[in-house]
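Have the sequence and the coordinates open side by side.

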Amino acid sequence: MAASRQHHGDYHCLPDYEDDSPPEDEKQLLVHVTEGLKDSWHHIKNLDNFFTKIYHFHQKNGFASMMLSDVFELVQFLFVVTFTTFLLCCVEYDVLFANRPVNHTHTGGSLAPDRNKVTLPDAVLPTPQCAQRIRSSGWIIFLLVMAATFWLYRLVKVLCSLLGYWEIRAFYTKALKIPSDELCNRSWQEVQARLISLQREQQMCVHKRELSELDIHHRILRFKNYLVAMVNKSLLPVRFHLPLLGEAVFLTQGLKYNLELLFFWGPGSLFQGKWNLQPQYKRAGARLELARRLGRSMVLLGLANLLLCPFILVWQVLYAFFSYTEVLKRQPGSLGARRWSLYGRFYLRHFNELDHELQARLSRGYKPASKYMNSFTSPFLTVLAKNVGFFAGSILAVLIALTVYDEDVLTVQHILTAITLLGLIVTVARSFIPDEHLVWCPEQLLQCVLAHIHYIPDHWQGNAHKSETREELAQLFQYKAVFILEELLSPIVTPFLLIFALRAKALDIVDFFRNFSVEVVGVGDICSFAQLDIRNHGNPQWLSQGRTEASVYQQAENGKTELSLVHFAIANPRWQPPPESSLFIGHLKEKVQQDAAHAPPAQRLLAEAPLGASFLSDEGPCTVPDALLASVLTHPVLAAGTLMPQGERHLFTQAGSAASAAASILASLSCSQLLRRTGPLGENSVYRSDNTLLGDSVAPPETHQAPLARSVVLSEFASAEMSLHAIYMHELHHQQQQHPACARTPLQHSAQAASTRPSSRVCSQDLALGGWEEEEEDEPQAQQQEREKS
C-alpha cells in the first residue's frame, strides 16, 4: 500500500511499494472474481480460505479424521453440559455421603432402614424429581438455553466446514491427484509444489500466472504474520509488574481470540473482506480519529467479555476439571512439566513459518530447554523439599502399610483423601530436589537451546548462569500448571486488559498497521515484514550493513528478518528471493566461506560429534543431523580442554568459537556436493556425498526411499542446517556488538596463526541455501595458494 511519508508520533512511515500495487481498475478483482466451473477450481474467490483449508486438510490427515474430530468436539461439549447438570440436580449428596439413612424395600414388603451399604442408584434421584429440580431453577434453565444456542451454532458451523472440506477432498483427488489413502504419505512440500504447478494450468489466482511459495504462505499466514510482527515490535503482549513476582507477560488463547476478533475478522475490524486493510487505515491524516474508534471498540469488546465472564469462567473450570483431574491423580508430576507458552510461540516464530514447521522446531528444543531450566537449583528449596518429602513420605508409608495389613482401613473416613494428598505432596517435593548426577554447564545448554529456537535476547549471551536469564526463558517455556492457571484467569483478566492496557496502545496499533502493511498483486494487504525485505526491514547488526535503508523503528528486532529469510530459503529451496534478499544470502555464504578457511577442519569436528552427542543427550547415539549440531556445540569446550594434542591446542583455542565450527560444517556441506535433485513434482533433493570432506558420514544412503521417508530425511538435514546458521549468525552478531568498529571478526584475526595449517577446501560458487551445490572445477593448487595469500 502507499504509506504516508510524514512522521507522526513515535512511528515512521515506510516508503511506497508501487511495484507491488495492482492497477487501480484491478483492485476490486482481488475481492470479487468469477467463480468458474465447479470442478475446475479456477478464479477462486477466497484464496486465503482455500489455501488454509488445503493446509489444514493435509495436517489433520484427511476428511475422516477431521470429521471425527469435529463430531467428538460437539459430543464433548454436550457431555460436559449434560453431566454437569446431572451432578447439580439429579444427585442426592446426603445419601451419597451417608449423612442420612436409606430405606430399602425388602422382599417381605416391609420397609426397614439399612445403613450397611449405599449404592450409586440410591443417590440418584428419579427422573421426574430430577426434571422438577431443573424446572424450578431459573439459572439452570438460562444456562442450558445459552449452551443449547451455542451448541446449535457450533453444529451449523461444523456442518458448513465439513461441506467445505468435502470439496477440498475432491480437490486433492481430482486436481492434485492425491488419493485420500495416500495423503498421510505425502509431505506438505509436495502438496505445495503441486499447487504451484496447478496454478499454471487452471489459474486459481486471477492476477498471477504463476504462484510462488511466498504467495501461498502469505495467504495461509496473513494474520499470524501480523501478530508475530506485533510481538517482535513489543506492541504485544501486555507486560505488567506483579509484587514479589516481578515482570509478568500475559497472553492466553482467550486474549488471542479477542485480538483476532478486534483486528482481523470481527465487526468493525481493521480489515475488510479478510484480505484488505480498510482504506481509512492507510491514510495518516485520520490516525487520531481511527485510534479513538479502535479504543471504543476495545472498551465495548472488554465490556462484552466482562458480561460473559461468569459463563466463560464456569466453562473453563469445568473443562479443566474434567481434563486434568484424572491426570493429576495418576501423574501428579505432570503439572510440573513444561510447555512452550503462547507468547513463546509468537516470539520464537519466523515470519512465514507454518504451524507444523514451528511445532517440529520447538519439539526439538524441548529437551535442551528442560535440561537448562532444571540445571538451576535453590539450596533453600532443596533442603525444604527434602524434609517435607521425608515427613509426608513417612506418613504415607504408614498408611499404605496399614491398608496392606487390613483393607478395612480404607473405609475410614477421608483415608483415601489423605493418601492422595500425601502422594501429591511427595511428588511436588521431589520435583524441587535436583538430580545428584547433574552437571552444571548452563552456557553450553543455552547454546543448544538456541540451536533449535533460533532467537534469544542479546543480554542472554554470556549470562546463561544468571537466574534472571532463567526467569526470562520461563516466560517462553512455562510450567503446565502456570498455563492452566493463566487460562482459568483469562476470563477475568482479559476484559481489564482490553479496557485499560490495550486501549492505551490504540494509536500505536493504528500506526503499526498503516506503516507495516503492503499491498501485493494477487495477495492483498500483508504485513511488510513477511516480505522478508532486507532493504526495508534489515538490521545492520545482523549482516545487513550496507544492504538496508531501514531506520531503527523499521528494523525487525533480534535479527527476525534475516533469520526468517534464511529459514524460508532453506525450507523452500526452489523459491527465488527478490534481488535485495539474494544479495544478503550471497553475502552470508561468502562470509561462511571466509570464516571456514580459518576454522578447524570438518573431519576433526565430526570426530568430536560422538562425544558431543553424549554430552548433550541422554538417549545414546544420535542421528546424523544431531551429530552435526553436537560437533559445533561442544567444540568450544573441547578446544579449551585437554583432549587435543599439545601442538594443536593453541591453534584450536584461537579459532575455537561456535561460529568457526558452524562455518566449517556449513562450508563442508557446501563442498560435499549435497545435490538438490528436483523431481517432476518439485520434491526436495536426496543428500549424497562424493567422497569429499564429510564422506559417507553425513550422507543418507542412496536407496529407493518412499517419498515421505525421503522428505523426512531432508527435513532433518534442513533443520540442522538452519540451526547451524542460527548459531553462526548469533555469534557474529555478538562479536559485532563487542567490537563494533572492527571490520574483521575474531575468526579473521586468527588467520595468521592458522596459516601454518592446511585450510579446509573452500567453494567459490554462489550456492543456494538448503542444497549447497558446486559446479565449478577445482582451481589449481598454486592459484588457490596465491589467492589465499592475497
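Is Arg 535 buried, partly exposed or exposed? The model is a predicted one, and in it Arg 535 has 30% relative accessibility, so this residue counts as partly exposed. Its side chain meets that of Glu 549 in a salt bridge, at 3.8 Å from N to O. Glu 549 is exposed, with a relative accessible area of 60%. Because Arg 535 belongs to helix H21 and Glu 549 to the loop between H21 (534-537) and helix H22 (560-571), the pair ties together parts that are 14 residues apart in sequence.

Arg 364 and Glu 716 form one of them, with the closest N and O atoms 3.0 Å apart. Arg 364 lies in helix H13 (residues 355-364) and Glu 716 in helix H28 (residues 707-738), so this pair ties together parts 352 residues apart in sequence. Both ends are partly exposed: the relative accessible area is 23% for Arg 364 and 29% for Glu 716.

The pair of Arg 222 and Asp 48 has its closest N and O atoms 2.7 Å apart. Here helix H9 (residues 222-232) holds Arg 222 and helix H1 (residues 47-59) holds Asp 48, so parts 174 residues apart in sequence are tied together. Arg 222 counts as buried because its relative accessibility is 2%, and Asp 48, at 9%, also counts as buried. Arg 219 joins these two in a network of salt bridges.

Turning to nonpolar contacts, the largest nonpolar core has 106 residues, and Met 230, Phe 263, Tyr 372, Phe 513, Tyr 728 and Met 729 touch the most other members. Helix H27 (residues 658-671) contributes the largest share of this core, nine residues. Leaving aside residues up to four places away in sequence, Met 729 touches residues including Trp 542, Leu 563, Val 566 and Phe 584.

A patch formed by Leu 300, Leu 303, Leu 306, Leu 485, Leu 489, Ile 492, Phe 496 and Phe 500 has about 750 Å² of accessible area together. Helices H11 (287-330) and H19 (480-501) each supply at least two of its residues, and H19 gives the most, with five.

Among the strands, S3 (residues 238-242) and S4 (residues 246-250) pair in the antiparallel sense over five bridges. Phe 240 has Ala 248 in S4 as its bridge partner. The two strands form a hairpin with three residues between them, and Leu 244 in the turn has a positive phi of about 70°.

The protein chain as a whole has 31 helices and 10 strands, and 47% of its 790 residues count as buried.

Terms used
Residues are numbered from 1 along each chain as its sequence is written. This is a predicted model: local features need pLDDT of at least 70, side-chain atom pairs count only at pLDDT 80 or more; totals for chains, interfaces and linings use all residues. Side-chain values use heavy atoms; hydrogens and water are left out. A nonpolar core is a set of buried Ala, Val, Leu, Ile, Met, Phe, Trp, Tyr and Cys residues joined through side-chain atoms within 4.5 Å. Buried means under 20% relative accessible area, exposed over 50%, partly exposed in between (1.4 Å probe, protein chains only). Helices (H or I, at least four residues) and strands (E, at least two) are DSSP runs, numbered from the N terminus. Contact means heavy atoms within 4.5 Å. Patches are made of residues with over 30% relative accessible area and no salt bridge: like charges are joined within 9 Å, nonpolar side chains (Val, Leu, Ile, Met, Phe, Trp, Tyr) within 5 Å. Accessible areas come from the Shrake-Rupley method with a 1.4 Å probe; for residues, only the protein chains shown count as cover. A salt bridge is a side-chain nitrogen of Lys or Arg within 4 Å of a carboxyl oxygen of Asp or Glu. Two strands pair if DSSP finds at least two bridges between them.
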